[in-house]
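Subject: Structure for your files, with notes

Hello,

Here is the structure, with notes below it. Please read them with the model open.

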There are 2 protein chains.
Amino acid sequence: MRTYASVPFSDVTITGPFWSERLETVLARTIPSQLEKLEQSGIRGSIKLPKPLPPLTIPRQSNNFTVQYFWDSDIGKWIEAAACAISHRRDAAIEAEIEAMIDDLEAAQQPDGYLNCFYIEREPENRWTNLRDNHELYNLGHLLEGAVAYYHATGKDRFLSVMERAMDHVAATFGRGEGQKRGYPGHQEIEIALVRAWHATGKRKFLDLATYFIDERGNTDGVEHYFDIEARARGEDPKAYWFENYEYGQAHLPVREQTKVVGHAVRAMYMYTAMADLAAEHGDDALKAACEALWRDVTEKRMYVTGGFGPSEHNEGFTKDYDLPNDTAYAETCASVAMVFWAARMLNLDLDGQYADILELALYNNALAGLSRDGEHYFYDNKLESDGSHHRWAWHECPCCTMNVSRLVASVAGYFYGVAETEIAVHLYGGATATLPVAGGRVTLTETSDYPWDGAVRIALEPEGTRTFTLSLRVPGWCHGATASVNGEALEVAPERGYLKITRDWAPGDVVELNLPMQAERLYAHPDVRQDAGRVALRRGPLVYCCEQHDNPAPVNRLRLPSDAPVTARHASDLLGGITVLEARAEAEDADAWGGNLYATRRAPSSETALTAVPYYIWCNRGQTPMQVWLQE
Amino acid sequence: MRTYASVPFSDVTITGPFWSERLETVLARTIPSQLEKLEQSGIRGSIKLPKPLPPLTIPRQSNNFTVQYFWDSDIGKWIEAAACAISHRRDAAIEAEIEAMIDDLEAAQQPDGYLNCFYIEREPENRWTNLRDNHELYNLGHLLEGAVAYYHATGKDRFLSVMERAMDHVAATFGRGEGQKRGYPGHQEIEIALVRAWHATGKRKFLDLATYFIDERGNTDGVEHYFDIEARARGEDPKAYWFENYEYGQAHLPVREQTKVVGHAVRAMYMYTAMADLAAEHGDDALKAACEALWRDVTEKRMYVTGGFGPSEHNEGFTKDYDLPNDTAYAETCASVAMVFWAARMLNLDLDGQYADILELALYNNALAGLSRDGEHYFYDNKLESDGSHHRWAWHECPCCTMNVSRLVASVAGYFYGVAETEIAVHLYGGATATLPVAGGRVTLTETSDYPWDGAVRIALEPEGTRTFTLSLRVPGWCHGATASVNGEALEVAPERGYLKITRDWAPGDVVELNLPMQAERLYAHPDVRQDAGRVALRRGPLVYCCEQHDNPAPVNRLRLPSDAPVTARHASDLLGGITVLEARAEAEDADAWGGNLYATRRAPSSETALTAVPYYIWCNRGQTPMQVWLQE
């Protein structure tokens, strides 16, 4: 079933201004400052075994769970982000830090391969007793992803070897064999890492272990639910579980029977990512069908217009269909980062522009909003409306989002292309160079554009001699009236499921030009999204916009965009490093004329005002400010 | 400063259909069923000392606080509600139950007067060590209110004597004298009860103790904050307080310095009630000014259109100006009940229709919604919008609201009139007979009307001979074009601050007729109430309306009321016991035509539909259903 393969980030060079600037910021500012925060908060220190850990300063919660259980994952994600970043520009100091961390991890690893800094130091007798809550497998997943990324970036395999020993231990511990535990992670993640390791090494044991975890999850066919078994073994009542039922970690049903997105959003997205991976690996139709049902459910009923998910803080996750509050939106950065992962896998499974559209939406909006322009401040939750009280954090007591967004930005090159036997699919634009395998040889693609500000894309091809293959260029769902040419000769643009497919004998020097007109557009929500009723959002190209108070003379919560007001785009090269803003005439109710009452029998009079909107991803980079995505219309 | 006195509920007989039906329901259904629930949940059992309490089944919360600490208050409120109810129609069985409770309380009371069933039974050594959290004074307040009500209803003073001994103990324990604790309640309430006891008995010690509690509250002038002192004495860090600062209980500042409504809404409303009482008792201008500032703050910035307060579940209280979410509104029933108390005191302090308007609004809408038509189901929180998941409870683990709403309904007669030396003020209409003291004699007023369905009011006066006094008839703020006559002779209606003042020599047989036209009106919220932007609410007379799904063919969340659509009233005698509904033509977006997408570049098409709205107070009496107060316009 697998028709397309991802291209590792290390095989693609970002050259365009938009992502180059972000990559450089991550490399120069984010990675070093995150290292500093890891050290300040004791997370980095925690892998320097056998030195004792600092005392626990964060109190245990009522479920006897402390945030430190998942510190190893932060190390793994930092290494992954740093590895991706240095693949674009090697940095000896960062590489030395990674090596030092690997030294520590190697020293900490137990003779049997077990690796978890918290348990080794504090509760060695309790390892593997609480998969439901305590993140041992999740941590190993992130460390393994770090190891794979470091291997891609540098060719060095020492960390990968450490993690291979850890995975061998996991594979010996968990499974359906005699004496094995039939467990699986409480927080999915390791499944993704194992597939990555399989792709990087070709060692089938990684794939087999991922397959076991996904297949066994939620299984109660002839066995007791694993989380019940281990709760009872700990002397706990399984029914006393904090989140009431196993929907929280999507272990309430075998994965192939799941059709509704439920529970913790990041767990869900990681699991769906692995399901799509394994559907492709095994040609598993049931798994593919489950992925498709879940995809429809989240994108048709439970997704913010910014590509965020999971409105509720309570479970960091999903609630009900069409329940998408703006001012209390949780819409965790990690969840949208993970949506990029999932969408990329769906594209590999089935080249359909609907997947690329959501990949792009999540990437450029909810996910990218998570990282500040200065590269050192973060959004954990991404509200779509703020009265000015929401703001970026310099760090977070659970710093998962900080390194999730940095690893995404640092690895963005890995989402540009998909390759098949005789086809190259271009999913994203923005300036990139890559040499890709196709039709038995290699071709260098040099794509130039000022995307996402402008939809004019130029791709120069340099195949090894003339080669026959299909170049599949994504025509985004938001685009109307795309035009294209090859060597100056116009093509009919009739995309197949979102991709313009050009099959020909490609020769060195061929040039494809694609023009994707970007118009400012109004978006409306389904009539059952209560919070958006009577409201309108603005989009141009892949970017969703918002109104910040900085740019608007009237309070943004009072802005009303007349339904007949033209919305125009203007590139403001002096604003926030150069962004395209949207402008329109608008109205705003006048509270001064309203008087002191809270309610009245007449509306407040409105007066005309100007409305300026900026891309959502860049909001809150000029200090705290009121912000509004959905405007009254 | 005090110009008006309340008239006890026991001096007024309700005769009109609206309140008679509610009173009868409370007497026949609510009071007995609440007693049953009190017994089932062990609350009634808990006062049967010295028999040991049943084991604690409700787990301690992380702040080491169990809900059972405030069970005595539920007994007090039940007695108060029952006493009010039997003053309208004596019921021997209910009276016997009250007497049995008084037997138990009398037996439980300690030789020094201390009375708290939880502490006496479980932690006698810890009494008076945690006023901040543990409700000893709050409980005593409710018991004292129960004792005063029972005295008014029956003339029996045994319970009042028990509570007087308890108050003597409190007065000996707390105060500024040598060896006394300078404490005050964590949950205000006893202050109201003490003023009621002072009015009922004329014993000044009750007034003095109330005055001390209000004056000492939040005092740090030369002393440490009392809640800090007692926290440290318990070996706790005062900074570890669950609610972070003392705004939660309005003990962050001396009360005269408070200008913003903050913290727990019920605590706040009870305190403001007592402040207004004491401002009147002492002619205390500073206290009156604080009441007025707090009144403006809540009514101009923090009140739902239904007369509810406190949007947040987190602190059961106030958040920010103009923050009034509809679907997550907490708007606790108790808070609106307490608003009726406060508004009544403000009216005594200063006869201004603005206070009566809010009294009426809170009473007929948010407060009355708390009790079902069958008298046995309750709303604790009062949302203004529901997707169908919100519903009434048969009981609540913290049953405070259940008996707060029943005691309000049972005592509603006490809010109809205010009396001064030569003036009778009529605040509410709806059919009532009362014999009131005025101008050195007594006058019997017989008011008949079908209020709140109809604004035609007739008042027959029977003074003891001819007497000169002012009859002040409230002309509600919502009313336009009121007319009036005395003995058929038309009067000019020029209300002074909301009251039409008719001064004359009144003779037996005089009849006043007042007509208060009730039109269906549209209400709009201040432009900074984000959640109501672009929306409209409907009101007729004192009643705010809502759309329930039962009466509307289109989903209520999709209803859009055109700004030019006439809204008409129709009395539906067969619906819910006879209510006036509002009807209009409306539009609704068609989701079927929208397709499966969550977002689109065009609005869904709308089609015409009919809209029917019912009074908010009566919603959710026909099963769970979607409901909407604020409609799209």
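**A buried asparagine in chain B**

B:Asn404 counts as buried because its relative accessibility is 0% (buried means under 20% relative accessible area, exposed over 50%, and partly exposed in between, with a 1.4 Å probe and protein chains only). The model is a predicted one: local features need pLDDT of at least 70, side-chain atom pairs count only at pLDDT 80 or more, and totals for chains, interfaces and linings use all residues. Residues are numbered from 1 along each chain as its sequence is written, chains are lettered from A and ligands numbered from 1 in the order in which they are written, and side-chain values use heavy atoms, with hydrogens and water left out.

B:Asn404 sits in helix α15 of chain B, residues 400-410 (helices, H or I, of at least four residues and strands, E, of at least two are DSSP runs numbered from the N terminus). Its side chain makes a polar contact with that of B:Tyr270, at 2.8 Å. A polar contact is a pair of N or O atoms within 3.5 Å; within protein, one must be able to donate a hydrogen and the other to accept it, and residues adjacent in sequence count only if both atoms are side-chain atoms. Leaving out residues up to four places away in sequence, B:Asn404 touches B:Lys77, B:Tyr270, B:Cys334, B:Val337 and B:Phe341 (contact means heavy atoms within 4.5 Å).

**How the two chains are related**

**Cysteines**

How many disulfides are there over all chains? The count is zero, where a disulfide is a pair of cysteine sulfur atoms within 2.5 Å. For A:Cys620, the closest cysteine sulfur is in A:Cys546, and at 9.9 Å that is too far for a bond. A:Cys620 is buried, at 7% relative accessibility. B:Cys547 is in no disulfide either, as the nearest cysteine sulfur, in B:Cys546, is 7.0 Å away. B:Cys547 is buried, with a relative accessible area of 0%.

**Strands and a loop**

In chain B, strand β16 (residues 543-548) and strand β21 (residues 606-615) run antiparallel and are joined by two bridges; strands pair if DSSP finds at least two bridges between them. B:Tyr545 stands opposite B:Pro615 of β21(B). Strand β19 (residues 579-589) of chain B also pairs with β21(B), antiparallel, over eight bridges. There, B:Glu583 has B:Thr612 as its bridge partner in β21(B).

In chain A, the loop between β16 (543-548) and β17 (559-560) holds A:Asn552. A:Asn552 is buried, at 5% relative accessible area. Its side chain reaches the backbone nitrogen of A:Thr612 at 2.8 Å. Not counting residues up to four places away in sequence, A:Asn552 touches A:Cys547, A:Leu559, A:Ala610, A:Leu611 and A:Thr612.

Regards
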